[in-house]
Structure formats: structure tokens, C-alpha cells
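Here's a quick walk through a few spots worth a look. Have the viewer open as you read.

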Amino acid sequence: LISSENLEIEGLGQIFYYLGSKQEWEVQGLALSGTAQGRPRWWRISIGPVFTYKRFRSVYPYLYLSFNKLWGTFKVKEKVGDLEGTENQKISSKSLFSTALGFIYELTSTLSIKGEANFLPYKNGTDLGVMIKVMYSF
């Protein structure tokens, strides 16, 4: 969007879809034996500006401010003795906004390391995510 010698402002949009694998658990503490199966499925959309400071030689710190929406379902199928039931729980994000602080360190012209800490504030707290990537460009 905007680029100068020291600062670059870009727009970034991401869409994620997660199709989780089934997990099965034994239900404990009942007179009859039982099992529960769960499977998550969710979408996440993130969009906003990225401010990158370009003054340093091979390290580029950045700030990503984004609108961040997550929604989906967690399907639970339970079986205890002869009884069976299925329930779909809705999943949704507690916060619509996210802040990420990170850096890109260029080891060579084709190999970089990216580190990022992501903060999602909500009414009763803040969720934190940490990411480290090795990126190869060709």
C-alpha cells in the first residue's frame, strides 16, 4: 500500500479451514462402559494492515493489526451401553481483533526465519499464540 525507505505498509488477508481428525476417548466413572468421539471443523478469516520497519539490514520487525473471526463446530458422538447420541457444539472466537508482533530474519536471499507472537484480547483475558517458521523462496 505504502513504501518508503524505512517503513512499508501492506495489506494481508488469510483464510484458514481446519478439518480435524476424529479422536476417541473412554468415558470414565459410569456403571456401563462408554466412548466419546469428537471432531472439530472451523474457519478463520484474518485481514488487516502490516507495518514493517525496514531500517535494519537483514532483520525486519513488523506489527500486524487484524480483524480476526473464527467459527465452526465440534461434533461429539457418545455411546454408553445401548445408548447413543450426537451433539454439535458451536465454536466461535472470543475476540474480533488481533495484534501480532514479529520479525523476519533473512539468512540468505532465499532462506529466512520468521517469528511471531500473536495477542487476542477479550473480555476476561488475552489468548497468546507463538509461531516460528523457516521460509524458502525460489
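Trp 71 sits opposite Ser 92 in S6. This is a predicted model, where local features need pLDDT of at least 70 and side-chain atom pairs count only at pLDDT 80 or more, while totals for chains, interfaces and linings use all residues. Residues are numbered from 1 along each chain as its sequence is written, and side-chain values use heavy atoms, with hydrogens and water left out.

Strand S5 (residues 59–80) and S6 run antiparallel, joined by 10 bridges (strands pair if DSSP finds at least two bridges between them; strands are DSSP E runs of at least two residues, numbered from the N terminus). Two residues lie between the strands of this hairpin, and Gly 81 takes a positive phi near 60° there. Strand S6 (residues 83–92) is hardly covered: of its 10 residues, the buried count is zero (buried means under 20% relative accessible area, exposed over 50%, partly exposed in between, with a 1.4 Å probe and protein chains only).

## A lysine tucked away

Now for Lys 114, which belongs to strand S8 (residues 111–122). Lys 114 is buried but has no salt bridge; Glu 116, the nearest side chain of opposite charge, is 4.5 Å away (a salt bridge needs a side-chain nitrogen of Lys or Arg within 4 Å of a carboxyl oxygen of Asp or Glu; Lys and Arg count as positive, Asp and Glu as negative, and His and the chain ends are not counted). Leaving out residues up to four places away in sequence, Lys 114 touches residues including Tyr 62, Phe 103 and Met 131 (contact means heavy atoms within 4.5 Å).

Key
Helices (H or I, at least four residues) and strands (E, at least two) are DSSP runs, numbered from the N terminus.
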